Protein chains: 4
Amino acid sequence: MRIGVLCSGGDSPGMNAAIRGAVLRGVDVHGFEMIGFVDGWRGFHDGEFVELDRPTVRGLSPLGGVFLGTSRVPPWEAPVTAEAIAGLTQKLDAYGLDGLMLIGGNGTQTVSSILAEHGVNVVGLPKTIDNDLAGTDYTFGFDTAVSIAAEAIDRLRTTGDSHRRCMVLEVMGRDAGWIALHAGMAGGAQAMLLPEFPESLEQVCAWVANVRDRGRSALIVVAEGFKLEGSDDAVTRDGLDGFGRPRLGGVADMLAPLIEERTGIETRSTVLGHVQRGGSPTAFDRVLATRSGIAAADAVLAGDWGKMAGLRGDRIELVPFSDAVGKLKTVPESRYAEVRLNFG
Amino acid sequence: MRIGVLCSGGDSPGMNAAIRGAVLRGVDVHGFEMIGFVDGWRGFHDGEFVELDRPTVRGLSPLGGVFLGTSRVPPWEAPVTAEAIAGLTQKLDAYGLDGLMLIGGNGTQTVSSILAEHGVNVVGLPKTIDNDLAGTDYTFGFDTAVSIAAEAIDRLRTTGDSHRRCMVLEVMGRDAGWIALHAGMAGGAQAMLLPEFPESLEQVCAWVANVRDRGRSALIVVAEGFKLEGSDDAVTRDGLDGFGRPRLGGVADMLAPLIEERTGIETRSTVLGHVQRGGSPTAFDRVLATRSGIAAADAVLAGDWGKMAGLRGDRIELVPFSDAVGKLKTVPESRYAEVRLNFG
Amino acid sequence: MRIGVLCSGGDSPGMNAAIRGAVLRGVDVHGFEMIGFVDGWRGFHDGEFVELDRPTVRGLSPLGGVFLGTSRVPPWEAPVTAEAIAGLTQKLDAYGLDGLMLIGGNGTQTVSSILAEHGVNVVGLPKTIDNDLAGTDYTFGFDTAVSIAAEAIDRLRTTGDSHRRCMVLEVMGRDAGWIALHAGMAGGAQAMLLPEFPESLEQVCAWVANVRDRGRSALIVVAEGFKLEGSDDAVTRDGLDGFGRPRLGGVADMLAPLIEERTGIETRSTVLGHVQRGGSPTAFDRVLATRSGIAAADAVLAGDWGKMAGLRGDRIELVPFSDAVGKLKTVPESRYAEVRLNFG
Amino acid sequence: MRIGVLCSGGDSPGMNAAIRGAVLRGVDVHGFEMIGFVDGWRGFHDGEFVELDRPTVRGLSPLGGVFLGTSRVPPWEAPVTAEAIAGLTQKLDAYGLDGLMLIGGNGTQTVSSILAEHGVNVVGLPKTIDNDLAGTDYTFGFDTAVSIAAEAIDRLRTTGDSHRRCMVLEVMGRDAGWIALHAGMAGGAQAMLLPEFPESLEQVCAWVANVRDRGRSALIVVAEGFKLEGSDDAVTRDGLDGFGRPRLGGVADMLAPLIEERTGIETRSTVLGHVQRGGSPTAFDRVLATRSGIAAADAVLAGDWGKMAGLRGDRIELVPFSDAVGKLKTVPESRYAEVRLNFG
């Protein structure tokens, strides 16, 4: 049995641990041969790969990023055709591969799903810091991103309180507000603004003023994809905000001066950016990723192709791709309602 | 509605966040009155308590320990009698309480269960760093303990490698090896020794020697309750080890010289101790605890008494006490087998 | 002896520890009365202050920010006049104060110096995350800021390597590049761009390309006050960059697209922002701050007014204000030359 | 110019950064050849070494321990003889080395000093987590050890407060109490017990009781070399404590039951152990170590042999070995007196 491993999309803490888990299980226990393509599909197309064995994955668990590299190079030019799939399977044959492990998020698992439909042996490992992938309770990388964002809140809180300023922290999440929701809950933010639930500027300012009236300084977490009610393009980076004014930076940079102007409370913005996807994964993500890799190797041994290693409670289960792709896992209204009642 | 909150047993990171969640929901949203007993049942017996409202729980989420204090003072002298229960319900009446929220582990939730059987309105919030409570995927405090233990492994790894020493790290877990299993997996330990699965000294030394033969330095994580095969009392602190020799410190202090003697590899032990239960909770534990508190307050509002706020996947569910108490959640053989194949 | 404590300027990790050190020494050991003005000169003008004693400063050492609050409200309207000083000394009398402890950076210690010249009893405690204050080896707050920036580099490094991107991190430092220099050195950045030493875009891009040619991904740390050679206003936030193009965000946001355009290497920017001034101080800063507070209290006892508690080697020494104010401590050419030789 | 690098004694965070600094400067800038002996003098004796160049030291700055390995193997059998020195210089010739960089603490720099007296070209880089080396303000590794110990205090504080227990934390320091002093000051410990200053059990218990009487829970930091007044052998590990009772573990394990017995306050001990010397160095230590390495390479270029790269204020200076060796830098009475006044 010879298996190819490939990462696609943005990096996510835990990818190294996942590969290490798959290799320790697949090569050492099950006796597979495994290779890893460099920079995802880029290495697949160009024939650049490394042999994976125990020494290759030594010490990888605590390391952020992914040692194989990852990229957004696609497996084929869209839309996918029978020829594209045929070309890909010929390459698999040329590499002598019996199957693929694909580590990625929504886009990658959609590819996995298409490949599986065309009879390619593929098993998926879900990763995304955004946690917007269905078919699994959590994706590895998410817990690390939330931890870093919560730590940023802890830090901003002290400087905000010292100056009696409102602090606005922008975290990742274009379509799903999971990082903002969990980090805000962990850090005790006075409001979390999510892409799924637009709010009016009046409402946001009312919450900020209410915090001030209680003698505190407000800390607002905003997902990059949040839109003010009545505004369409808050997250576009075309130089204008949702009200046609010149924009600087992200949605937090837009929101802060608006809040300051309306409430009279000095307000500062911070865009957390790429630091939230980097660095050593949390123990939670390392364990989740390692177990996902082990489960993927076991699925290969069992010939249980066409599935993704999802987290269900405290178990890793192989779930059909149809449970995972074609939908975005967004924050449900119940979770937002739960926290919104205590905003301000 | 007037509710008493009470913590019992060892402290666990997230207890403050749980109380904060319950109060923000219970007092601010549902309009309850809430009081918290100081030092658990000790304060209940002595009439020492504080009113709980939004200012009282301000800024608590990132703080370790529990501001109310906790103790091992029992609610009654065992064995429980009808008189004991009657005495307790009279006190509840005297405090004007309609119900209790009990934050604790196995012992506490067993008490909750007994109270519920006797018609006392009680809702349970599960906490223990040991994660050995059934009825919930994870208990808050566990993720923080695992994080601290994994960080200790990362640190010991570098000094072990620099000196080509075997390092033995003892973590908590008298009856269940969850912390050792997860921290060892996160840190890439070469063996995790759990209370549930005795191993022989020969086997342990074979793993250590095997690591040396691969050119590395072994790192072993051992739960305090681990017993060498053929030894009964490894965890007793009576001054003798399982082989009748004088004991110094914990099981790691016993194991290290035995490993060194048999393998000839310099071996050092570290007993992590109380640091693994203290300090600021991880974001995961803060979120889990906060949501548990919210769910407990909602259960009170709904009159859904006699249950515990358990984690099931990504949801908090109210589970009957019968699902949680009377059994210890230990590491199942499948989880141990999964990692044992790669030991050494 | 009755002493007033007052913080001015931006908050800096360690301010709480400094006040705690001064109070434990001043009140408990020397028997002073001490009061702390809320929000700096704002509280002084408005008569808002708190009594400082042991319970007030309990547990403050690990906490970021400053519990008294700080502000940029000045002691008087510039330029200072004899009347302004007289008004201030009358207020001191009204408060019954024998002297002031002023915690602040360049601006504040200049005020200290002016007050001292006019016969007001004042002792200075130097703080600034920028480390640009003369008369002391390091100011408290700097080590924490460097630590947070170095941690950000560690995190960005892994995501940069995974995607073979050039990462540009902007840290604080309008006039002095100390944070960029030390964080960059700690994190192994391939270039540190400082306000003191303009470089051309060609040179910066040559370094980035050189890193790529060695098979790595470049990480550049840039202080917010860095200017490209031949550009005057890189740090202004007027919406235009140094070349007249619309600006988004900070200097890193300007630099990244220019690097990408010239080198063809995908480049991403991160502006660290307010997180680098917040959060729990490092042990180094807590010790430095505590010792500064102790030394300030001892200076008061000794009547050693008109000086600032500076760090000299491993000792705290009282230095005349004339050694500290009227000059900005910038990165000397020798320190920059030391690292520049290994850029790229 | 061909230079050998060698580490000796216990590992200390920053050793990797020091070697990286020396190599980037020595090889890349000054054009030296450099080799590193594996496991210190062990590799020197056995002819085991690696070539050091830029790729070899890539990414080393954030890593704890030392990639070359270190050991306590001595350069010669004591006492040193002319023959021993002659043998060593012959080996240097055989390796083609023009000089040595020796990275170590008191013992190693004493060796450096002897070698220098015998005309061997040697430059010293001081490292020890204990900070007990003269001729430098601080040694790299110390700041990291203090940070880890202070973090442990922060964690123990929360669990101690929750249970109203006295917590006793043992940190490293056989002869010098620097770690205990600085970590205790950073963490706000109620007493720091140092090897240099014996205290009676009565006095220690009086402090603990006093803390209880103020309504708090005491946290005591004790250096492993602390001796109770009137006791000689507190730190010996012969199974008996200073009063002839069976000993378990370190001095903290001895002290805790004595405190509990006398004060009636539940008391728990933690021996921090090897974790305090491992893990990623602080930014402070990385910068100090890198600069030490650069200065050592510059000293080689200048032929400035026979000296050690010491920290003096914010500068690295080459100091004669006579300033560093033959004395232990212990905590001076003034520093202890400063804190002792606020104990309890």
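**Faces, contacts and peptide bonds**

Colleague: What makes a residue exposed or buried here?

Modeller: Exposed means over 50% relative accessible area, buried under 20%, and partly exposed in between, with a 1.4 Å probe and protein chains only. This is a predicted model, in which local features need pLDDT of at least 70 and side-chain atom pairs count only at pLDDT 80 or more, while totals for chains, interfaces and linings use all residues. Residues are numbered from 1 along each chain as its sequence is written, chains are lettered from A and ligands numbered from 1 in the order written, and side-chain values use heavy atoms, without hydrogens and water.

Colleague: Which residues of H3(C) are buried?

Modeller: Ile85(C), Leu88(C), Leu92(C) and Tyr95(C) are. Down the axis of H3(C), the buried residues fall within an arc of 85°, so they line one face of the helix; the arc is taken from the directions between the helix axis and the C-beta atoms. As background, an α-helix has 3.6 residues a turn, so residues three or four places apart point the same way.

Colleague: What covers the buried residues of H3(C)?

Modeller: The cover includes strands E1 (2–7), E2 (33–37), E3 (49–52) and E4 (99–104), along with helices H2 (41–46) and H4 (106–117), of chain C. These labels are DSSP runs numbered from the N terminus: helices (H or I) have at least four residues and strands (E) at least two.

Colleague: How do you know that the span of H3(C) is close to the expected one?

Modeller: The expected span is 1.5 Å times one less than the number of residues. H3(C), residues 82–95, has 14 residues and reaches 20 Å from its first C-alpha to its last, against an expected 20 Å. Just after the helix, Gly96(C) takes a positive phi of about 70°.

Colleague: Why is Asp130(A) called partly exposed?

Modeller: Its relative accessibility is 22%, so Asp130(A) counts as partly exposed. UniProt lists Asp130(A) under "active site" in an unreviewed entry; UniProt positions follow the numbering used here, feature names are shortened, and annotations may be inferred rather than shown by experiment. Asp130(A) sits in the loop between strand E5 (122–126) and helix H5 (142–163) of chain A. Leaving out residues up to four places away in sequence, Asp130(A) touches Phe142(A), Met172(A), Gly173(A), Trp178(A) and Ile179(A), contact meaning heavy atoms within 4.5 Å.

Colleague: Is Asp11(A) buried or exposed, and why?

Modeller: Relative accessibility is 0%, so Asp11(A) counts as buried. The loop between strand E1 (2–7) and helix H1 (15–29) of chain A holds Asp11(A). Beyond four places in sequence, the residues that Asp11(A) touches include Gly65(A) and Arg277(A), and, across in chain C, Thr158(C), Thr159(C), Ser162(C) and His163(C).

Colleague: How many residues make up the contact between chain A and chain C?

Modeller: There are 37 residues from chain A and 37 residues from chain C. About 2,700 Å² is buried between the two chains, 52% of it on carbon and sulfur atoms; buried area is the accessible area (1.4 Å probe) that two parts lose on being put together, summed over both. In chain A, Arg155(A), Ser162(A) and His274(A) lose the most area to chain C, together 24% of what that side buries.

Colleague: What is buried between chain D and chain C?

Modeller: About 3,500 Å², of which carbon and sulfur atoms give 51%. Here 40 residues of chain D are in contact with 40 residues of chain C.

Colleague: Which residues does the cis peptide bond of chain A join?

Modeller: Ala78(A) and Pro79(A), with omega about -5°. Pro79(A) belongs to the loop between strand E3 (49–52) and helix H3 (82–95) of chain A.
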